[in-house]
Amino acid sequence: MSYRALYRVFRPQTFAEVRGQDHISTTLKNAILTERLAHAYLFCGPRGTGKTSSAKILAKAVNCLDLQDGEPCNQCANCKAINEENFLDVLEIDAASNRGIDEIRDLRDKVRFAPSQGKRKVYIIDEVHMLTNEAFNALLKTLEEPPAHVLFILATTEPQKIPLTILSRCQRFDFRKINTTEISNHLADIVQEEGVEISEEALSAIARKAAGGMRDAISVLDQCIAFAGQRIELEHVEMVLGTVSEEATAALVDTVMQQDYEQLFLSLNEFLQQGKDIKQILRDCIQYCRQLLLLKVVPKVELIELSQEHIEKAKEQASALPLEFLGRMIHCLTGTEKELRYSNQPQILVESAFVDLMLQGTEPIAASQTPRKAEKSKKQERPSGEQAAVQVHPLIASEELLQQWSEVMAKVKVKSVKLHAFLSAAKPAAFENGTLILRFGQQYKFHCDNAGREENLRIISQAVSELTGTPAQVLVELENEAGHIKQELTLEDEARKLFGADVPIEII
């Protein structure tokens with residue numbers, strides 16, 4: 001007999017075996033026992049959470065010859081035939097490859113015929129959102145008034161793509177992501193039955209990587225068994241998945257904290273030499289920083305997904321890092337992860353993101369305050385009397401600042417190469433009352449949006465403040481298609497526009 005993948009071997013055969021979906025399994029069992037079955041169901045949720053398995057179990061239950069407390073017996077002729085995929089009255093249709101109106105018309109013609117083997121005909125339409133609009137229209141009438149012997153089960157990962165007319169004719173069940181504990185426990189049962197030894201750290205790593213999908217977790221376990229044999233350790237899982245170990249990720253965070261630029265580039269290069277993907281390195285670092293954030297804010301054991309041997313190290317790092325820096329680090333790295341999709345140089349982008357964080361340092365940034373608060377803070381920090389001499393830069397006139405825009409850009413480039421690139425498309429439009437207005441052309445909306453991020457405005461304001469000697473604010477704006485900035489008209493402007501400029505107007 002040919003080899004079968006583990007996720008097929010250990011597919012749930014009863015509602016009780018479906019992990020993490022008790023709210024659905026209990027409802028379906030009660031509906032079977034009380035004979036309150038609907039004619040159409042919609043199973044939606046993330047991949048690998050039990051939608052298709054539950055659909056097949058329901059198909060067995062409605063055709064079982066020896067139903068046991070709402071569960072199929074899996075021993076009668078009908079249950080065995082369905083398990084072996086030899087039952088004529090249970091039809092599983094892949095809507096991704098049978099999405100046209102002709103296939104649905106054929107289905108509509110066949111539903112009228114009575115079951116040939118079982119009690120009811122069950123149609124399981126997987127990835128139903130892939131049907132065309134014409135196919136949905138053809139299915140609509142059948143769903144509205146189906147024959148009494150027909151049961152439709154629609155499954156999808158994207159319910160928002162299904163027409164409301166279809167949704168309103170189905171009972172909807174939302175499958176949830178399965179928590180890591182449920183996944184770990186199920187994987188432990190599988191390896192015990194397969195006679196495989198696996199460490200707790202390896203189990204946890206697989207469960208976390210699955211991100212709520214049981215099928216993904218079992219597939220990774222299957223791959224690890226093929227790679228490592230009968231004894232699986234954490235390093236085997238990391239090699240199969242291409243992930244970075246917690247120890248190495250913690251060391252990378254230490255490097256950022258210590259602002260050790262040389263070690264940063266050496267560490268990232270070492271990961272790449274080991275065959276790690278730069279995107280995966282970034283994801284692992286984001287997840288680790290989230291764990292540090294949880295340890296600092298809500299240090300509850302059930303929320304922390306770190307191995308016991310590394311949790312003490314993580315606690316030390318969390319206590320040493322300000323909450324503001326952790327939030328800034330996660331925000332910066334997740335933003336970089338989004339930008340990777342559009343970059344041909346992902347390594348450079350990731351390196352520059354870490355350098356930006358290191359340049360900012362772990363201390364709270366004063367420039368994030370409003371100018372009034374920043375000035376108040378400066379006054380409080382200055383020694384009274386003549387104990388210390390305070391160096392104040394001469395105030396530079398508006399025109400002079402605009403002429404010296406290249407100096408501002410140079411200061412920005414030291415802090416962030418990415419931001420310098422975004423600002424290359426900007427023109428300093430005005431500098432009045434301590435506020436610098438930067439204007440972007442209509443075609444540079446992407447540059448404008450990125451320059452307008454809070455952390456980027458902070459860097460620009462710092463550069464301007466260093467040049468002028470006073471706190472500065474920065475505003476970015478986008479030209480409209482006519483090349484002018486959209487401005488809000490006052491009530492008086494609107495009135496004059498309506499009645500004419502010469503009419504005397506008094507605003508009450």
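K29 is partly exposed, its relative accessible area being 21%, where partly exposed denotes the range between buried (under 20% relative accessible area) and exposed (over 50%), as computed with a 1.4 Å probe on protein chains only. The structure is a predicted model, in which local features need pLDDT of at least 70 and side-chain atom pairs count only at pLDDT 80 or more, whereas totals for chains, interfaces and linings use all residues. Residues are numbered from 1 along each chain as its sequence is written, and side-chain values use heavy atoms, with hydrogens and water left out.

Side chains of opposite charge can pair when their charged atoms come close. The structure holds 22 salt bridges, a salt bridge being a side-chain nitrogen of Lys or Arg within 4 Å of a carboxyl oxygen of Asp or Glu. In one of them, K29 is paired with E71, with 3.8 Å between the closest N and O atoms. This pair links distant parts of the chain, 42 residues apart, since K29 belongs to helix α2 (residues 22–33) and E71 to the loop between α3 (51–63) and α4 (77–83); helices here are DSSP runs of H or I with at least four residues, numbered from the N terminus. E71 counts as buried, at 10% relative accessibility.

A further salt bridge joins the side chains of E158 and K161, at 2.9 Å from N to O. Both partners are partly exposed, E158 with a relative accessible area of 24% and K161 with one of 47%.

Helix α12 (residues 246–257) packs against helix α15 (residues 308–320) at an angle of about 20 degrees, the axes lying 11 Å apart; axes are lines fitted to C-alpha atoms over the stretch in contact, and angles run from 0 to 180 degrees between N-to-C directions. The two helices are therefore roughly parallel, a term applied to angles under 35 degrees. In this packing, E246, E247, A250, V253, D254 and M257 of α12 meet H310, K313, Q317 and A320 of α15, contact being defined as heavy atoms within 4.5 Å.

Two of these residues, D254 and K313, also form a salt bridge, in which the closest N and O atoms are 2.7 Å apart. Because D254 lies in helix α12 and K313 in helix α15, the pair ties together parts that are 59 residues apart in sequence. D254 is buried, with a relative accessible area of 16%, whereas K313 is partly exposed at 32%.

Notes:
Parallel < 35°, antiparallel > 145°, perpendicular 65-115°, else oblique.
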